[in-house]
Amino acid sequence: MTVSCQAPRWLTHCLLAVLTMFLLTTARATVIDSYEFASPEQEAQFFRLNGELRCPQCQNQSIGDSNAPIAQDLRREVHRMIVQEQADDATIVQFMLDRYGDFVLYKPRMNTTTAVLWLGPLVLLLLGLLVLWRLVRSHRSQTSGLDEQERAALKKILDDK
Amino acid sequence: MKRWKLFLPLAFFLILCVLLYKGLFLENKTELPSALLNNPLPTFQLTTLGNPEQTVTREDVTGEVFLLNVWGSWCPTCRAEHPYLLGLQEQGVRIIGLNYKDDRTEAQQWLRHGGDPYQFNIFDPQGKLGLDLGVYGSPETFLVDKAGVIRYKHVGVVDNRVWQETLKPRYDALQKEAAP
Amino acid sequence: MNPELGLFALILATCLAILQSVAPLFGSYSGRLPWMAAGKWLAAGQFVFVLLSFICLVVAFLTDDFTVSYVANNSNSLLPDIYKLTATWAGHEGSLLLWILTLAGWGMMVSVRCDKLPPELSARVLSVLGMVSVGFLLFILVTSNPFARILPFPPQDGADLNPLLQDVGMIFHPPVLYMGYVGFAVVFAFAIAALLGGQLDSAWARWVRPWTTAAWCFLTLGISLGSWWAYYELGWGGWWFWDPVENASLMPWLAGTALMHSLAVTEKRGLFKSWTLLLAIATFSLSLFGTFLVRSGVLTSVHAFASDPERGMFILAYLMVVVGASLALFAVRAPQMGSRITFSLLSRETLLLVNNILLAVSCATVLLGTMFPLLVDALDLGMISVGPPYFNALFVPQVLLLGLALGIGILLNWKSGSFSKLLHQVRWIALVSALGGVAFALFYAERFIVSEALAMAVVLWLVLTAGRDILDKTRNARQKMSFMASLQKLPASYLGMHLAHLGLALTIIGAAMTSGYSLQRDLRMSPGDTAWLGQYQFRFDGVTQMQGPNYVTNIGIITILDDQQQPIAVLQPEKRVYSVRGMPMTEAGIDPGLTRDLYVALGEPLGDDSWAVRLHVKPYVRLIWLGSIFMALGGLLAVCDKRYRIRLKKNKTNLKPGIALGGQV
């Protein structure tokens, strides 16, 4: 028993190394399927979804960009759902969510976890506008604090430029 | 402007560094948690690997705690974990195989040569059940309880460390749970 | 012997860099001129030795010295010579050496031009650059020695260069990109020197501006080269993927763009000093941060180098020291606000603030989106992905807002403007832009796309306001001379600004048209098959097999005909298999054109002589890169503006405390 356990351990590591090499090397060839569609809209939907779903196995690639077996399977499934079931985007996305979880969505769902992600930039923008407003006010409300002499010096320097 | 505000960038940066530090040592960056965790095993109707005539459904596998091991004869890492699974079977662990996107003859041949740790194998040549289970690479091993609910998923090779540290404690605990 | 020489040179360079970071700084505080002047020679010496070391590595590649582990991993005797050269920077170690060489190069340039600066300032700038160098030199020596040997049993031949990198893009993209990344180190050094010396005035801003703009030009070109390369090399037809590594280059670009604009305000008006300093620190910090992302493997990316937590730890520690220390220095020494300089709501100052806020927020958006999956994972909240749909949804509106602000800002004067004058200037422009955008989206395609209408309206707005401004500025001169002659009377930096903004407009057109109106089909084609895509007919004429220098290739032949059946182009997309690594590679066939690219990629053989083929029509995609070339040229024009050089001399004598505008910190 122990012997049969030890052997696969190192073997596993070698194999894993080979396997990951394989994954990396196949990742770069272009993915081209030859699916047929009933309408250009369906074709567009297919490409759109391919870009929005992430391949669960790969380094940061969409299923449309990856040649990994799982990406091929998922593309086939997306195509099947579009052509046979006339499924809309939401149905297909939910289908993938049920099986692979949030990881497959390149566009994260809005929930308590991702609220920061979606609203953060907006909050920052508002904050920026607030700062802007205060800055403009503080620089405007003061009547110029320079006396005549300073103002002349300033003007001279400015004009020099 | 208050002087303390000038410390905000520094504070933000330090928080970012903590995150990056944690990020460096995060394990399993490529391992996805199962979306089916604590969900019932999906229904299916497939044949067994041994007999193309014999259909098998969800009801045929559930009832007792078992490991559902997703494998294929085309998958080198599956071959690597195979001997350990044989050992588990000897210890009386119930393992059901999901032969995933494989060729029936080649899979049967592999089991004949390498030994068969499985109670039986669900034959899933199209990867249909695999898709419903959210399988994205083999081997993957699901732990299913008596009620047929998926309680844990391990991605990658099951070896002694994985079994002793993660799977066995859960497996034993589930054994103790009352049947539904 | 040669690799050891390289290593030895690197060690010597490190010693010089250590001296460079200490001696001039010491001199600047103790007032010893010789110590300060030493910085110049040390920077030059450091550059010479790093260059020597780099040449040693290049020679090792060109002579197929496979006893050097880095060469063995990234080259092969069959590799064409030009790619042996580029393989020098194809992996982690060599690209790090290139980074260091670039840094030393910028340091050298500073040392050449620093005679015109006050000696304390130039001494401190060189010291800070020395410190930055020391970190990277130690990094390469401790964790990533490119000269490590495999002895006593070196491999017979090398493992070959990744086929993806065997491309002309590899010759230019990394060096130019690094010139940009690292160029901001100079600006950073100026900022730290200003904080140390407590002198931050218009003169300082004027010295920093050309350096900033120069670095920015390189970064712009580098990013756009990368985008262009990905476009034709990956065969996916995309030009920007929002991958963490791409984002890592975009963040310093956004911060650097904000910095250029805020420097303008600091120079002209003496405002926003601490903000400018913070941006200068942030821009270079983001460059370093990008290095960390690419080399530590902390995020999963298609482009990243092999991950290595040890290297990650080193860079993180380095990042903490450099960025942490500078931000702490900033917190303690940054000039307090409350300047008495005034400006009104309708002034160029306000609009440049808007520009900075928008750029800062978009930079923060990219940072947030890039880091968020890691954050969620680190907090054990699951695994999520953030990708193109997120970034497009949030980034694009910010760019459009930026365009709107730009148009107004261009027309406004410094200090104060009048609302009625502005209204008078823009009312027709606004109307024409809005109507033009809508009309375009209505008539260009069958389907009305709101974002396209908005984008085109913004483009019109940008171009028309710029045109209006140029007409206004040349009004007096035009009465005496021709329009072109009067243009030449305008300062180069002013023309450069408009050129760069025109570039932005072009890039927006390209991006909007490509994302809205691209056509794509994936097909199975047998010889003789034809397919229509828009107004183009693609005819598949079969595949021939050929032998390349280090690969076997299948070349597809696709003839493109217009609607009169006249041939437009014959494209030859390739599917290569590189012999050493057995790796398949796609070479797209592209018929480039200003108004559209016809883009074809060859997939797998499907039996019976038929192949999977991908066809694209990409309208105006070239404008994306043409626009960035315009931006870089605009920057170049601004750098060449005479006033930077004349002023440098004048200010040398002028630089006495008190005269400098608001110089006290």
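Asp64(C) counts as partly exposed because 18 C-beta neighbours lie inside 10 Å. The model is predicted. Asp64(C) sits in the loop between helix H2 (33–62) and helix H3 (69–74) of chain C. Its phi is near 50°, a positive value in a residue other than glycine. Most residues other than glycine have a negative phi.

Asp609(C) also has a positive phi, near 65°. The loop that holds Asp609(C) runs between strand S9 (596–605) and strand S10 (611–619) of chain C. Asp609(C) has 13 C-beta neighbours inside 10 Å, so it counts as partly exposed. The exposed class covers 12 or fewer.

Arg109(A) belongs to that exposed class, because its count inside 10 Å is 12 C-beta neighbours.

| Residue | C-beta neighbours inside 10 Å | Class |
|---|---|---|
| Asp64(C) | 18 | partly exposed |
| Asp609(C) | 13 | partly exposed |
| Arg109(A) | 12 | exposed |

**Chain A**

Arg109(A) lies in the loop between helix H4 (89–100) and helix H5 (115–141) of chain A. Leaving out residues up to four places away in sequence, Arg109(A) touches Asp102(A) and Thr114(A). Val83(A) is 26 residues from Arg109(A) along the chain, and their C-alpha atoms are separated by 25 Å.

Chain A has six helices and zero strands. From the N terminus on, its elements run α-α-α-α-α-α. The chain has 161 residues, and buried residues make up 32% of them. Take the contacts in chain A between residues at least 6 apart in sequence: 48% join residues at least 24 apart.

**Nonpolar cores**

The largest nonpolar core has 286 residues. Within this core, Ile100(C), Ala185(C), Val187(C) and Phe190(C) touch the most other members. Helix H7 (residues 168–197) of chain C gives the largest share of the core, 19 residues. A second, separate core has five residues, including Leu164(C), Tyr551(C), Met583(C) and Met585(C). In soluble globular proteins, nonpolar side chains tend to be buried together.

Which residues does Val187(C) contact, leaving aside its neighbours within four places in sequence? They are Val208(C), Trp211(C), Thr212(C), Ala215(C), Ala280(C), Thr283(C) and Phe284(C).

**Contact between chains C and B**

Chain C brings 26 residues to the contact, and chain B brings 19 residues. On the side of chain C that touches chain B, helix H10 (273–296), helix H11 (309–333) and helix H12 (348–378) of chain C each supply at least two residues. H11(C) gives the largest share of that side, eleven residues. By class, the side of chain C that touches chain B has 19 nonpolar, six polar and one charged residues.

**Sheet in chain B**

Seven strands of chain B form an open sheet. Their order is S2-S1-S5-S4-S3-S6-S7 (chain B), with mixed pairing. Which are the edge strands? They are strand S2 (55–57) and strand S7 (150–155) of chain B, and each pairs on one side only. On average, neighbouring strands of this sheet are turned by 30° against each other, direction ignored.

Strand S4 (residues 95–100) and strand S5 (residues 121–124) of chain B run parallel. Four bridges join them. Asn99(B) stands opposite Phe123(B) in S5(B).

Terms used: Residues numbered from 1 in each chain as written. Chains lettered and ligands numbered in written order. Predicted model: local features only at pLDDT ≥ 70, side-chain atom pairs only at ≥ 80, totals over all residues. Buried ≥ 20, exposed ≤ 12 C-beta atoms within 10 Å, placed from the backbone. Core = buried A, V, L, I, M, F, W, Y, C linked by C-beta atoms within 7 Å. Contact = placed C-beta atoms within 7 Å. Nonpolar A, V, L, I, M, F, W, Y, C, P; charged D, E, K, R; others polar. Pairing = 2+ DSSP bridges. Axes fitted to C-alpha atoms, helices over the stretch in contact; angles between N-to-C directions.
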